[in-house]
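Please examine the following structure with attention to its fold, its sheet and the contact between its chains. The report below treats each of these topics in turn.

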Amino acid sequence: MPQGKLYDSPQAALADVQDGSTILVAGFAGHGVAERLLVALLEGGSKDLTLVYRDGPYASLGSGPLPAIENLVSNGQVAKIISPIPFSPGSGGAIEESWQAGWLDIEIVPQGVLVERLRAGGAGIGGVFLPTAVGTRFGADKEKRSFLQGEAVLELPLKADYSLIKVAAADTLGNAIYDGSGRNWAPVMAMAARITVAEAGLIVEPGELDPEAIISPGIFVNRLVASD
Amino acid sequence: MVDEKERLPREVVAMRVAKELPDGGFVNLGIGIPTLVSNFIPDGSVVFYHSESGVLNCGPLAEEDEQDIDLINAGGQFLQMVPGMAFFSTVDGFAMIRGGHVDVTVLGAHQVSATGDLANWMLPERGVGNIGGAMDLAAGAKQVIVAMEHTDRQNNAKIVQDCTYPITGKGCVSLIVTDLAVMQPTPEGLVLKEVAPGWTVEEVQELTAANLIAASDLKEYEL
């Protein structure tokens, strides 16, 4: 029998994170965020990380991704951020200050481009031509082609070492379901990482979840920790 | 002084935009005046709201005591659960946008050009901005309507011949609705279709940095 997917703690599930890893962090406006995993990443102390996430500026909603990502940045663990909404300009904070000081690299990517780059990475697609960045600075230095629908820009796949996702429930094989808008980036990020770690609200035995309802099949979910 | 003359309230701008939404259409509303549009859907009409948070058929905002942490709109506001709602991942959410399945998006703007270029993601003096999903909406929605104040707070024109701010999309805006006028960008230039009550074409032109072409059927702002 292979080792099971269930880990005792978030720290154990992330114990092998190396310096220089690329890590996908699922969540939308502070919701659907694997908060315990982010704390474990902070405690683990790995450095030169590249973090990929949708947004940070929604800290006021509660324990959103920003405080943890801010903490990772102020702890000197992050070298680069790839995001459509990396921080709220003018708000201060570690991300903005580190970026201004020049030691944090930020790559802004339109949201729908980022999601397709991750999908390409996760699905083994060599690249995708998207119309989104045509005529803007995001398309300036990229290969372009004209199709029946018009001009499009070549966007390259994005793959990661880890993805940290939050799921409503998973069985011990990693088959996972979500709650409402908590789904957001998790399914595609789970596909695009070598190791996906899911923080689950509920962990059950195989057979307890309806196979028709599974959103992220267990092949995409490598490790499981309970969210409390 | 034109600068001090009374302009239409934001709610009236939203009401005017609401008239443009197709009955039974799928609509994505941006933040600011666009969000207000949902309050003014004409009686008898139905509009299905798409949110890139992963919700289709968004209903009203939730009361404070019934907020569900996993039911939010794109602005992070809590939604009520309503019959007919559907949830999806970000991949599907942007396929809906990019694939032309969203009929109309209503967005705010820093600048719009006479030919419909949109700049709404970055103020150059800040050196950084949040692109979010605006660029995908501009490129993918069947129709892009801009709803905004006609000028910025210092009365600088937001409607310009050519955008000086980094653009979100080229030639994507099909209608501009402001607190002074309704305008339609065309390849020939900016056509002025409606003017706010009490305002003249000359007064609107004074606050617009693009040449306005008065429509042959130019009329008063129509609600």
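For the pairing discussed first, two strands count as paired if DSSP finds at least two bridges between them. The model is a predicted one.

## The sheet of chain B

In chain B, strand S1 (residues 26-29) and strand S5 (residues 104-107) run parallel and are joined by three bridges. Within this pairing, B:Asn28 stands opposite B:Thr105 in S5(B).

These strands belong to an open sheet of 10 strands in chain B, whose order is S4-S3-S2-S1-S5-S8-S10-S11-S12-S13 and whose pairing is mixed. Strand S4 (86-87) and strand S13 (212-220) of chain B each have a single partner strand and stand at the edges, so one side of each is left without a neighbour in the sheet.

## A helix across the sheet

Helix H1 (residues 10-18) of chain B lies across S5, strand S8 (143-147), strand S10 (173-177) and strand S11 (181-186) of the chain.

## Overall form of chain A

Chain A contains six helices and 11 strands. The C-alpha trace of chain A spans about 50 × 45 × 30 Å along its principal axes. A compact globule of 228 residues would have a radius of gyration near 17 Å, and the 18 Å of chain A agrees with this.

Of the 228 residues in chain A, 51% are buried. Among contacts in chain A with a separation of 6 or more, 77% are between residues 24 or more positions apart.

## Helix H4 of chain A

Which residues are buried in helix H4 (residues 94-101) of chain A? They are A:Ile95, A:Glu96, A:Ser98 and A:Trp99. An α-helix has 3.6 residues a turn, so residues three or four places apart point the same way. Just after H4(A), A:Gly102 takes a positive phi of about 95°.

## The contact between the chains

The contact takes 33 residues from chain A and 31 residues from chain B. On the side of chain A that touches chain B, helix H5 (111-123) and helix H6 (186-192) of chain A each supply at least two residues. H5(A) gives the most to this side, with four residues.

By residue class, the side of chain A that touches chain B divides into 16 nonpolar, 13 polar and four charged residues.

Methods
Residues numbered from 1 in each chain as written. Chains lettered and ligands numbered in written order. Predicted model: local features only at pLDDT ≥ 70, side-chain atom pairs only at ≥ 80, totals over all residues. Contact = placed C-beta atoms within 7 Å. Axes fitted to C-alpha atoms, helices over the stretch in contact; angles between N-to-C directions. Rg over C-alpha atoms; globule rule 2.2 N^0.38 Å. Buried ≥ 20, exposed ≤ 12 C-beta atoms within 10 Å, placed from the backbone. Nonpolar A, V, L, I, M, F, W, Y, C, P; charged D, E, K, R; others polar.
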